[in-house]
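Hi everyone, thanks for coming. I'd like to walk you through a structure today, one chain at a time.

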Amino acid sequence: MTDRRNVDPTLGILEGEGAAQRAAEADERVPFTVWAETPGRGPAAGATYYDRPAIKEPVWIWSVPAYFYAGGMAGAAATLGMVAQGDQELRGLVRRSRWLATIGLAASGAFLVHDLGRPERFLNMLRVFRPTSPMSMGSWALAAAGPLAGASAVFSGGPLRAAGDMAGVGAGLIGPALSSYTGVLLSNTSVPVWAAARRSLPVLFASSSAASAASLLELVQLSRREERVVRRFGILGKVAELTGMVAVERETGRTERVGRPLREGLGGSLWRAAKVLTAASLLLSAKPGRSRGRRTASGLLGTAGAISLRLALFHAGKASARDPRATFEQQRGGERATKPS
Amino acid sequence: MIEGSNMAECHPVGFQWVMEAKHRGATVIHVDPRFTRTSAMADLHVPIRAGSDIAFLGGIVNHIIQNERYFREYVVAYTNAPFIVSDDFRDTEDLDGLFSGWDSEEGRYDPTSWQYKDVEVAPAAGQREMGPEAHPNRGYRLTPSTGQAQVRQGAASADLRAEHVDETLRHPRCVFQILKRHYARYTPEMVEEVCGISRQQFLGVAEALCENSGRDRTSAFVYSVGWTQHTVGVQYIRTASIIQLLLGNMGRPGGGILALRGHASIQGSTDIPTLYDLLPGYLPMPKARLDRSFDEYVHNNISTTGWWSQLPKYVVSLLRAWFGAKATAENDWCFDHLPRLSGDHSHMTTVADMADGKLVGAFVMGENPTVGSMHGALHRKGFRVLEWLVVRDFHLIETAEFWRNAPEIDRGEVRPEDIETEVFFFPAAAHTEKDGTFTNTQRLLQWHHAAVDPPGDARSELWFMYHLGKRLKERYRSSRKRRDRPIKDLTWDYPTRGPHEEPDAEAVLREINGYVVDTGEPVPGFTALRDDGSTAAGCWIYAGSFKDGVNQTARRRPGVDQNWVAPEWGWAWPANRRILYNRASADPDGRPWSERKRYVWWDETLGRWTGFDDPDTIRERPPSYHPDDDAEGTDTISGIDPFILQADGKGWLYAPTGLLDGPMPTHYEPRESPIDNPLYGQQCNPARMEWKRRDNPYHRSSDDPRFPYVVTTYRLTEHHTAGGMSRWVSWLTELQPELFCEVSPALAAERGLRNGGWATITTARGEIECRVLVTERIPPLRLKGRTIHQIGLPYHWGRSGPSRGDAANELISFVADPNVSIQESKALTANIEAGRRSRGRRVVSGGRE
Amino acid sequence: MGAKGFFTDTSVCIGCKACEVACKQWNQLPDDGSFFTGMSYDNTGDLGASTWRHVEFIERPAPPTGGPGDGFSWLMMSDVCKHCRSAACLEACPTGAIVRTEFDSVFVQPDVCNGCGYCVAACPFGVIDRREDDGRAWKCTLCYDRLKDDMEPACAKACPTDSIQFGDIDELRARAEARLAHLHDRGVTEASLYGADAASQPGTDGLNAFFLLLDEPEVYNLPPDPVTPTKRAGEGWGAAAFAAVGMLAAAAAAVLGGRRS
Ligand SMILES: Nc1nc2c(c(=O)[nH]1)N[C@H]1C(S)=C(S)[C@@H](COP(=O)(O)OP(=O)(O)OC[C@H]3O[C@@H](n4cnc5c(=O)[nH]c(N)nc54)[C@H](O)[C@@H]3O)O[C@H]1N2
Ligand SMILES: Nc1nc2c(c(=O)[nH]1)N[C@H]1C(S)=C(S)[C@@H](COP(=O)(O)OP(=O)(O)OC[C@H]3O[C@@H](n4cnc5c(=O)[nH]c(N)nc54)[C@H](O)[C@@H]3O)O[C@H]1N2
Ligand code: SF4
Ligand code: SF4
Ligand code: SF4
Ligand code: SF4
Ligand code: SF4
Ligand SMILES: [Mo]
């Protein structure tokens, strides 16, 4: 008995459809806590199957929210860079935005690959073009925007500046998609809390991306005018971000159980933290008058807020998937596919 | 009616037919202490106290008789209901739970007084009793008297006169009236008090049975070891036989009593027995004190009437098969080469002897007794004092490792270095790696072909036995000793194949089938066997399995391509007959009882029996045939007798002989019970086998305060018996990873047990720990206002292999049924506590808590 | 090649788990480790990367309607990938590893899957899963290799009571209707079909592996009204478009507003 397949490879041929599956020697992970209720009794009876999750908990790790953050931020930066291109006084901002976009996209791609079970196969992402799959769309967007952003950054000045500008426009046009598709990616799952927020999540992600980009730009040296542009961009982004959060709460709140992970547990805390940090950052940047320190503080707070927001959604999703009642009540309640009879 | 069997879990493949029947409208009733996967599919589940079925079934007998629901015509013609019983017979009614003939010194019955009036009838398959007072039988031979010969009284009528038979069933001493009186006290109220089954539920079941029996309908009983593993195991099944005979459900399609056998060929291992007291084909093993010569043996075991009059043909043919040319009429066919029974050598007796150092060595082949048999500790005690032990198995099972992996070693009571037993382990080939037959529950022999060669040193049983035999013959070749003659004279010449000289299994089946000695021609069936030495046959009931030199057991013609009885799938003993006693499917005149239930019938124009199956009677014998007074042997079987192996051709409602614990089933409590026997002063089966020894302590027979709960043991679909075939397969152990007990929420509350937690179960014999499943599936029972809690315990686990756990059989004592010496593992008493075993703490599941 | 699939009739399931073992054996899947769960006779828990059939055990202190009330019933059900007509896993897969076969079944190609895990979050039935020590997503293949050789799937072959029936979807649906009618006649009123067609389960356009249940779907851990997420993706993309425009506007506002001051 080897490989836990009860097949001795010296005697049997391993060519079954699951034979290629790698399995570690022993499985130490205990997949569940022992059920302590009398079967058929207690609150679970008739309502759930021993409270086992009805869907699988997403297998993603920290690098997925990181990939969301970096990619979204990069998209927003690219967009801002493109819009700023027209104005000669903003060349510094343009160059910085382009570099920010380039680094962001590179990091985003790296984070995504890091989460893959088979990283060596990351190129398979570009094997097909599948409109039904936001992840496929996102991969293509990343793949397209990355080089463009890079080119735009490298050729921000010098003889090839024209080409750089064209690349900047390319990246800038993909930018908004990059910063919002992640919202579609999450909501296009069976995870109750994510699926419920399918209208508000993309908006939230886009606004938060704008805020993220602005926050990082608040940390770098800029001309006074550029500072004002970034500040306005940031304020709009943060206001929209906070509004988006409220929208998400309202959308997910339609079924009490579905919204719960944004109020309770790790997800809830991170969600609240995101709110506070973003609000604080907003206040600082909105306060009239100019202060180096305030800019930096606001930038740091905004960045922290944007990151906690993505971690909040990530953990809320996991919790939501673990809760069979969320799945059931969502489908019995507001979110019916069949017409209530 | 599935009772004493968990068919869905233990015979899942066969259970598809129950589902089919249910789909066609059959009502399925499951009587079981637990609500099992079978109950889940049944129309009705009736929870019963383990060990109380005779009271329940007796209640049904009483219901049938009191309300005249029996199939009168069938009962009068086909059973011994009208026969009048000896005046000396006394019933349990008269003797408060004992029958006449009880010898308290000897602790056994003298069955003489149970016989019919003025007649001594022989048990089918020879004498059971060991004692010298066993009765040489003369079948029915009485001085002709002048009474009216009865019409339609079969063999009996050749002998029994008016004064011995009462077809009106009114004679106070006729079997029917005795039966009626015996079961009169098995009232619904009594059933409720003994079994914990409510009157309504009981009456519901009884009526369901009656309504579905008679001319147009039949009901079947299905049982397995939930019925047999009791100190009254045989009588459980007897009670069902009485019901089925009264209702006319025997020998008819859709009727009968289906004994679901165990291991894939456990039926085969009783036909060609691994049992100490039988020769192949249920011929009795010669007894040292009684059967000193061939003539004595025949004289003691033959019945002059009925089919057992043929006994000599089968014995001679067997001896010819074994000793070939060496077996001659002059030397009594080498009868003296056969070992003689000096006494009881059943499993537990032998193990007790082993523990007392009376054995030198032992072969354990295809068995794991330290886990599967009662009282593992006593087994290991025996193994420890053997000189040598041979184990043939797939893995190093517990029995092979008793010397280094056992509770007493954990506890430091025994040290491996002090054990001198030499253990030989031989890897065994699995059924997929060798040719051979399985004989299943319906006596169907099915050939299986080797799919692959066994790995490494693994060899088949056939290979092992054949080559061992050859070595023994070689060893004794030059011996002059008389005692070595049997081995020297044994024919031992099977053709072999391949590099390992694997004997040809078909050659063995040929020999079992039997052949004409001169020509070597396979015989077509057992009727061709002779007692003059001209034929040889390894097992008379298997004669025909190699008919025409064709391996009949390898036939696999799909059911759709033949009649619904499907006679061309495999081969069933005897004579490829699919339903035994099927003569009873027709009325005394040979007409089917009803169109709906026609099976075999007498065809006047052809002048013989015909039908869908092989008729279980003499083909050309018309229903009208009536033996005259000097008829002999099979000529005494009349045209109406369906049970031709019985000396009187009748189904026995009352067993005048052949059983050691009474002619009629009587409710006795298990050896260890929570209550006093509510029916009689006699608590347990008086004739039960006990082993009174310090290393086999018993609890108080009733209501032992130390052990207040009933324990019953059983199987799970996911594992097989002692685990050698399942605990080493991780695809199975992941499905049932650990030993657990099943308890009701009420008992859990009483003892502080939590679902998924641990419990320790103790008896005087031992202590085990297991996980807990709290479930409504094992309800407490109310007996006379008292609550009886039952604990369910699978017995598959042991201490070796990937999935380890304590063995349930550490808890169970040596105590057995007297007729077949089967252990009482289905009902005993114990105590249960929350938490893990006190000593030798250990993680049980695959090294994990 | 017509659509093939399963009709799993839980009313005749005896919980023998032969399907579970047959699946593991035929597909040579590793065990999932032996754990005692305390959940009746179910020590498997759920479907997973190496468990493609899972038999559930539900102890219900209520009798099956129609059956003589003895206050208790033990429901058993063999769960499996539903091979959804509109398959969330397939539509989510960015690599094209998941394909629809000529049998209309949903098949994961292990040589393509890069383990992104998106299908896992997408499946509304919690079927497909990524095996961490392998890195890829796995699920029931509907025994594609056997179907290729005109053999029925191993689980159906092993099922002693025909609780698992394999065949052409249309024929299975007819059989299911007949069985349902039979049960209703016998008074088993709570019997119902699950996912038999698009009408009863529009969210998935119906399942190629559908069920006959004796209680509410939740009792069997089945979503009562599952939806393939992409069916609602429109709303998401719409919002994204809106957001994109918003972002461009915000950027413009930031820049232009800057100039005016
Ligand atoms: N999967 C699987 N199948 C098997 C086996 C296996 O180990 N695993 N073993 C094979 C063998 S060797 C055999 S002998 C057969 C045995 O087949 P079964 O006899 O069906 O098996 P058991 O589970 O031992 O007992 C059957 C039922 O008897 C019930 N019972 C216990 N005491 C009593 C009683 O006093 N009265 C009544 N009415 N019921 C009682 C138990 O609750 C249990 O549900 O199965 C064979 N088939
Ligand atoms: N408490 C309790 N105890 C019981 C019972 C119960 O119900 N309750 N049931 C009783 C019954 S009915 C039975 S049948 C026994 C069974 O008890 P055992 O027969 O002792 O247990 P098994 O595991 O069946 O042993 C069979 C062994 O043979 C091995 N084997 C399989 N095939 C072959 C082969 O071809 N050749 C060889 N040499 N070995 C092979 C298997 O690996 C296994 O180890 O248990 C009895 N014990
Ligand atoms: S194990 Fe073998 S004998 Fe037992 S049910 Fe399955 S197929 Fe039949
Ligand atoms: S059940 Fe899940 S895994 Fe199976 S086809 Fe449907 S979506 Fe895919
Ligand atoms: S994990 Fe594999 S199968 Fe699943 S979506 Fe990603 S690539 Fe496709
Ligand atoms: S169809 Fe094949 S792969 Fe799918 S569950 Fe059945 S046996 Fe397993
Ligand atoms: S094989 Fe059939 S009966 Fe057995 S558990 Fe699976 S579905 Fe149920
Ligand atoms: Mo057995």
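A quick definition before we start: accessible areas here come from the Shrake-Rupley method with a 1.4 Å probe. And please keep in mind that this is a predicted model.

With that in hand, let's look at chain C. Its accessible surface comes to about 7,500 Å², and carbon and sulfur atoms account for 57% of that. Of the 261 residues in chain C, 70% are buried. The chain has seven helices and ten strands, and its C-alpha trace spans about 85 × 40 × 40 Å along the principal axes. If you take the contacts in chain C between residues at least 6 apart in sequence, 60% of them join residues at least 24 apart.

Now over to chain A, and helix H6, residues 200–217. From first C-alpha to last, this 18-residue helix reaches 26 Å, close to the 26 Å expected at 1.5 Å a residue. H6(A) is also mostly covered, with 16 of its 18 residues buried.

Finally, chain B. Here we have an open, antiparallel sheet of three strands, in the order E13-E14-E19. Strands E13 (436–439) and E19 (571–572) of chain B each have a single partner strand, so each edge strand has one side without a neighbour in the sheet. E13(B) pairs with E14(B), residues 444–448, over four bridges in the antiparallel sense. One bridge to point at: B:Gly436 has B:His448, in E14(B), as its partner.

That's my tour, so over to you for questions!

Conventions
Residues are numbered from 1 along each chain as its sequence is written. Chains are lettered from A and ligands numbered from 1 in the order in which they are written. This is a predicted model: local features need pLDDT of at least 70, side-chain atom pairs count only at pLDDT 80 or more; totals for chains, interfaces and linings use all residues. Side-chain values use heavy atoms; hydrogens and water are left out. Helices (H or I, at least four residues) and strands (E, at least two) are DSSP runs, numbered from the N terminus. The expected span of a helix is 1.5 Å times one less than its number of residues. Buried means under 20% relative accessible area, exposed over 50%, partly exposed in between (1.4 Å probe, protein chains only). Contact means heavy atoms within 4.5 Å. Two strands pair if DSSP finds at least two bridges between them.
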